Amino acid sequence: MKHLQFIDEYGSFSIKQPENTSYLYFPLASETGLKSSLTPNLGGDSKTDQETFLLEPVSAENLHNNRSVRNFWLVCEKEGIFSATGASAKQEAVKFTALQDQSKITAGFMWHTLERFSSALSLETRITSFIPVNDNVEIMHITVRNQSDNTKDLIPYAAIPIYGRSADNIRDHRNVTSMLHRIRTDSNGVFVRPTMSFDERGHRPNTKIYYVCGCSGSGQAPESFYPTVEDFLGEGGTYTHPRAVCENYSGVPAGTTAAGKEAMGAFRFPRIRLAPGKEAEYILLLGVEGTHEGIARIYEKYNSPDKVRKSLEITKSWWKEKVNTGFHTGDADFDRLMKWICFQPFLRRLFGCSFLPHHDYGRGGRGWRDLWQDCLSLLLMDPNGVGQMIEKNFGGVRIDGTNATIIGDGDGNFIADRNGISRVWMDHALWPQMTTKLYIDQTGDIDILNRQAPYFKDAQSDRGTQIDTLWDAGQGNLLRTEDNNIYTGTILEHLLIQQLTAFYEVGGHNIYRLRGADWNDALDMASEHGESVAFTFAYTGNLRELASMIRLLESRSPVKETKLTEELRILLNDDPELFENTADKINLLASYTQSCRHRVSGRRFSVPLSELAENLEHKADWLTGYLKDHEWIDGGADEGWFNSYYDNHGRAVEGFFPNEVRMILTGQVFAIMGNVASEQQIRKIVNSADHYLYQKEIGGYRLNTDFHELKFDMGRMFGFAYGEKENGAVFSHMTVMYANALYRRGFAKEGWKALKTLAETALDFDTSRIYPGIPEYFRSDGRGMYHYLTGAASWFMMTMITQVFGVRGEAGDLILAPRLMAEQFDDQGKASVSLVFAGKKLDVIYENPDRKDSGAYKVSSSFCEGQKLQTDKLGRAVLPRRMLDTLSGGRHRIIVKLN
C-alpha cells in the first residue's frame with residue numbers, strides 16, 4: 001500500500017500518520033512576502049525576510065527537537081487534554097502504540113490540512129493552513145467535532161510563540177533582544193512591537209508589528225491572554241505540558257501590556273458545550289504588519305469561516321492557474337508528480353535559496369544562476385515580461401565578462417561587493433546565453449540581441465583578480481566612458497564578452513580555469529591551478545549556439561553587421577596558433593581587461609555578422625578537437641568517458657587509479673550537451689555511467705564515484721561523507737541535465753531512464769520520505785534532501801516539454817518532435833501535454849496506436865483545429881508563428897498521429 005496518495009489531477013495528496021516520518025515540511029507563501037514552513041505537527045517557521053521572522057527560525061534538526069509549534073489545545077473536562085497538532089506530552093508518549101491518534105495530512109499548492117482523531121476522547125479536529133495570495137498573514141481555520149455520544153464541555157486555547165526579530169538573533173543576543181519586546185493584548189490577540197532591530201554594527205528603530213489574533217466561528221473573542229512564554233508555560237512547564245492549560249491559569253485581560261520577555265501568542269476562548277456530532281470553528285491569524293490599522297484590516301477581512309473559505313478557494317484557484325502546464329501519460333502518479341515539479345520554480349522564486357528548513361544558509365537572496373534558470377520555467381509557463389527581465393539581468397554583467405554576485409530586490413538591481421575581491425564562478429557566463437537562446441526560440445524575438453543594456457561596475461576588475469583603485473561608490477554601479485557617459489552595449493555584445501573572455505582564461509592544460517568553482521559550488525579549493533574540463537565542454541556548445549543565433553539575426557535583419565566596443569576587437573583573434581598557446585591567450589586576456597579596467601573609450605567598430613559567427617565557429621571547432629584529443633579516458637571496448645577536472649596540483653581528477661575508478665557525471669553531461677562527444681563516445685559514456693554511477697534504488701546516477709580521499713586540492717565536497725550532497729549523492733539537477741543532453745543527441749531511451757528513476761524514487765515514499773516534488777539530491781539511503789528549492793525542477797519541466805514531448809520553439813515557430821517511449825502512452829496509445837505557447841493555450845495530443853518506442857515511429861500527420869500542419873525535412877510537425885498568431889484566445893487542440 002502506498003503511504004502517499006494523490007487525490008486529484010492537480011497533484012493534491014494525502015498521507016496518514018505523517019508525524020511518524022522525520023524531516024517532513026510543507027511550504028506556504030504569498031506573493032507579497034510571507035513565507036512559512038509547516039511540519040506534520042505544525043512546527044516550522046514563518047518570516048518575510050532574514051530580518052523579520054514571525055516564528056522562531058528552524059533548521060532541519062529543529063523539526064524534531066522543537067516543541068514550540070503552532071498549537072491549539074482542548075481541555076475536555078473530566079476526560080483530559082488534547083492537542084490538535086499532536087504536540088502534547090501525553091500524545092508524544094503514546095506514539096507508535098495502539099493509543100496513538102489517527103492523523104492525516106491533505107495538501108495542495110499553498111494549502112495544508114491536518115486532521116486528527118483521538119479515540120480516547122472521541123474528538124476530531126481539522127486545521128487548514130494557508131497564506132492568501134496578496135496578504136502577509138498565515139490563516140489557521142480550525143474545526144472541532146464531537147464524535148462521541150455525549151455532550152462535551154471544552155475549553156479551547158490557541159498557543160503560538162512569537163519570535164519577532166531577525167534570524168541572526170537566534171545565536172546573537174537571543175536573550176538581549178527579548179528585552180526589546182513591547183507586548184500588548186487587545187480584544188482579539190497579542191501584538192509584539194520590538195523597540196529596535198538589534199545589530200551592534202548599527203541598531204535601527206523597528207516599525208514591524210508581529211501578531212497572533214483569533215476568534216471563534218461565531219465571532220467570539222478570546223476571554224483571557226498569556227502574552228509571554230513564562231505566562232503560558234508557568235514555572236517548570238514546557239510547550240508540551242504548559243501549566244496555563246493543564247492547571248487552568250486565569251491569564252490576563254485584553255488591554256494588558258508586558259515588556260522585555262519572550263512573547264507568546266496564546267489565549268483562551270470561552271468554554272463551549274459541544275453536542276454529539278456537532279462542530280465548533282475557530283480562526284487564528286498570524287502575521288507581520290507595519291501598522292495596527294493594517295492588522296485591523298486583515299482581521300476584518302478574515303474574521304469569519306465564510307470569509308476564510310472564500311479566500312482559501314481563491315488561493316487554490318490562483319496557484320492552479322499559475323501552474324498551467326500538465327501532462328497525461330500512461331502513469332497517473334507521474335503526471336501528478338509533474339504538477340509539483342512545475343510548481344517548484346514558483347517556490348524557488350518566492351523562497352529564494354534560504355528560507356526552508358534544509359536551506360539554513362544565506363540571507364534569502366537569489367544568486368546569478370537563479371536569475372537565469374528561473375527564467376527557464378517562466379518562458380514555458382508565464383513568458384509575459386521575460387524579455388524585459390532578461391534585458392535587465394544583462395545589466396549585471398561586467399565589461400570583463402564576470403558579473404555581480406549580490407542581487408538586489410526586483411529585476412536588474414545589482415549591488416557592489418565592498419568587502420574585497422569577491423569569488424568568481426567560472427560557469428556564470430554559461431546560463432545567460434542558454435536562457436536567451438530559449439527565449440528566442442520560444443518567442444522568435446531575435447531582435448533582443450540588438451537591444452542595449454548597461455554594464456555593471458564596481459571595484460572588481462580584471463576578472464576578479466584586481467581592484468580598480470580609481471572607482472568609488474559615488475561613481476555609481478554603471479560602467480562609464482572616458483567622457484563620463486554611461487556606456488551601453490547590445491545584448492549580443494554582452495554575450496560575446498562573456499563567451500570570449502572565458503575562452504582566453506585558461507590554465508596549464510589550456511582548459512578553462514576553475515577559479516572559485518563552477519556549477520558545483522563545492523569545488524572551491526582549486527582556484528590557483530584547477531581547470532574545469534566539464535564547463536569547457538559547455539562553453540564549446542555555447543560558442544556554436546551563439547554563432548547560430550548570430551546567423552539567425554543576420555537572416556532576419558536588414559542590417560548585416562553589428563557595432564561593438566573598440567576594446568573587444570582583440571578578443572576576436574582567429575589565429576589557431578594562438579589558440580594552442582596558453583601563455584599567449586592569458587596575455588591577450590590581460591591586455592583586454594587592462595584596457596577597460598576603469599572605463600571604456602566609447603568608440604565602436606563594425607563587424608559583419610557572418611564574420612562574427614564564423615569566428616565563434618572556428619573557436620568551437622578548435623575546442624572540440626582539442627578536448628577529444630586530450631581528455632578522453634579509454635575504458636575498454638564498450639566503455640570510456642571524459643575527464644572533468646584538473647585539481648590544484650594540475651593533475652587529472654578522473655580515470656583508473658590504483659585503488660578505484662574515478663568518474664564524475666558533470667563532464668559527461670556537457671560533453672554530450674555541448675556536441676563534443678561523438679555518438680560512439682556517447683554510447684561508451686552511457687555504459688560507463690551505468691557501470692560506475694547508476695544505483696536505481698537511491699534515484700539513479702550518482703554525481704561521482706567514491707574517491708576515498710579528502711581532496712583538499714579540489715574542494716569541500718570531498719570532506720562530505722560519500723553519498724551526501726555533492727560527494728556522490730544522486731544530484732537531481734545534474735541527472736536531469738544528463739537526461740536533457742541525451743535527449744538532445746537522440747538517446748531517448750537512455751534519457752528516459754535517468755528521468756524515470758528520479759521520479760520513481762521521489763514517488764516511493766518509503767525511500768524518499770518527502771512530499772511530492774523533486775529534491776536537490778537523494779542521499780546514500782535514498783532519502784530526498786533539500787526539497788523544493790532546486791533548479792532541477794525547471795530543467796525537469798523543460799526537458800519533459802521540449803525533449804520528451806518535443807514541444808518546443810524554434811525561432812518562434814512551434815516544433816512537434818516527440819521522443820516518448822512506448823510505456824509513456826496510455827492504454828489507448830495516447831499521451832498529451834497542456835501548455836501555453838505564444839500566448840495560446842494548447843493541448844498537444846500524440847496518438848501512437850501501436851505503442852511504438854521513440855525511434856520506431858515518425859510523424860504521419862498533424863492537425864491544429866482541423867487544419868493540416870506541414871512536416872519539415874527532419875520529419876517534425878511545424879506550426880508556423882504566423883498561424884499561431886491567428887488562433888483565438890481559447891484552448892486549441894493539436895493532434896499528432898505517429899506510426
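Leaving aside its neighbours within four places in sequence, which residues is Thr 402 in contact with? The set is Gly 396, Val 397, Val 424 and Arg 463. Contact here means heavy atoms within 4.5 Å.

## Basis of the model

This is a predicted model, in which local features need pLDDT of at least 70, side-chain atom pairs count only at pLDDT 80 or more, and totals for chains, interfaces and linings use all residues. Residues are numbered from 1 along each chain as its sequence is written, and side-chain values use heavy atoms, with hydrogens and water left out.

## Thr 402 and its loop

Thr 402 sits in the loop between helix H10 (386-393) and strand S25 (406-407). Helices (H or I, at least four residues) and strands (E, at least two) are DSSP runs, numbered from the N terminus. The relative accessible area of Thr 402 is 6%, so the residue is buried. Buried means under 20% relative accessible area, exposed means over 50%, and partly exposed lies in between (1.4 Å probe, protein chains only).

The side chain of Thr 402 also makes a polar contact, at 2.6 Å, with the side chain of Asp 400. A polar contact is a pair of N or O atoms within 3.5 Å. Within protein, one atom must be able to donate a hydrogen and the other to accept it, and residues adjacent in sequence count only if both atoms are side-chain atoms.

## Cysteines

How many disulfides does the structure hold? The number is zero. A disulfide is a pair of cysteine sulfur atoms within 2.5 Å. For Cys 375, the nearest cysteine sulfur is that of Cys 353, 14 Å away.

Cys 375 is buried, at 1% relative accessible area. Cys 596 counts as buried too, with 3% relative accessibility.

Helix H6 spans residues 292-301. Gly 294, Ile 295, Ile 298 and Tyr 299 are buried in this helix. Why do they lie on the same side of H6? They cover an arc of only 140 degrees around the axis. The arc is taken from the directions from the helix axis to the C-beta atoms.

Asn 303 is placed in the loop between H6 and helix H7 (305-322). Is Asn 303 buried or exposed? Its relative accessibility is 17%, so Asn 303 counts as buried. The side chain of Asn 303 makes a polar contact with the side chain of Lys 307, at 2.9 Å. Not counting residues up to four places away in sequence, Asn 303 touches Cys 215 and Ile 283.

Helix H17 (residues 665-673) is mostly covered, with nine of its nine residues buried. Among them are Leu 665, Gln 668, Phe 670 and Met 673.

Asn 675 follows H17. This residue is in the loop between H17 and helix H18 (679-692). Phi of Asn 675 is positive, near 60 degrees, in a residue other than glycine. At 45% relative accessibility, Asn 675 counts as partly exposed.

## Helices H20 and H22

The axes of helix H20 (residues 748-763) and helix H22 (residues 792-804) come within 12 Å and cross at roughly 140 degrees. Axes are lines fitted to C-alpha atoms, for helices over the stretch in contact, and angles run from 0 to 180 degrees between N-to-C directions. The crossing is left-handed: the near helix is turned anticlockwise from the far one by less than a right angle.

Which residues meet where H20 and H22 touch? H20 brings Trp 752, Leu 755 and Leu 758. H22 brings Phe 796, Thr 799, Met 800 and Val 804.

Tyr 788 is in the loop between strand S43 (784-787) and H22. Tyr 788 has a positive phi of about 80 degrees, although it is not a glycine. With a relative accessible area of 1%, Tyr 788 is buried.

## Two exposed loop residues

Lys 78 lies in the loop between strand S7 (71-76) and strand S8 (80-83). Lys 78 counts as exposed, at 91% relative accessibility. Its C-alpha atom is separated by 49 Å from that of Glu 321, 243 residues apart along the chain.

Arg 201 is found in the loop between strand S16 (196-197) and strand S17 (204-205). Arg 201 is exposed, with a relative accessible area of 72%. The C-alpha atoms of Arg 201 and Ala 266 are separated by 34 Å, and these residues are 65 residues apart along the chain.
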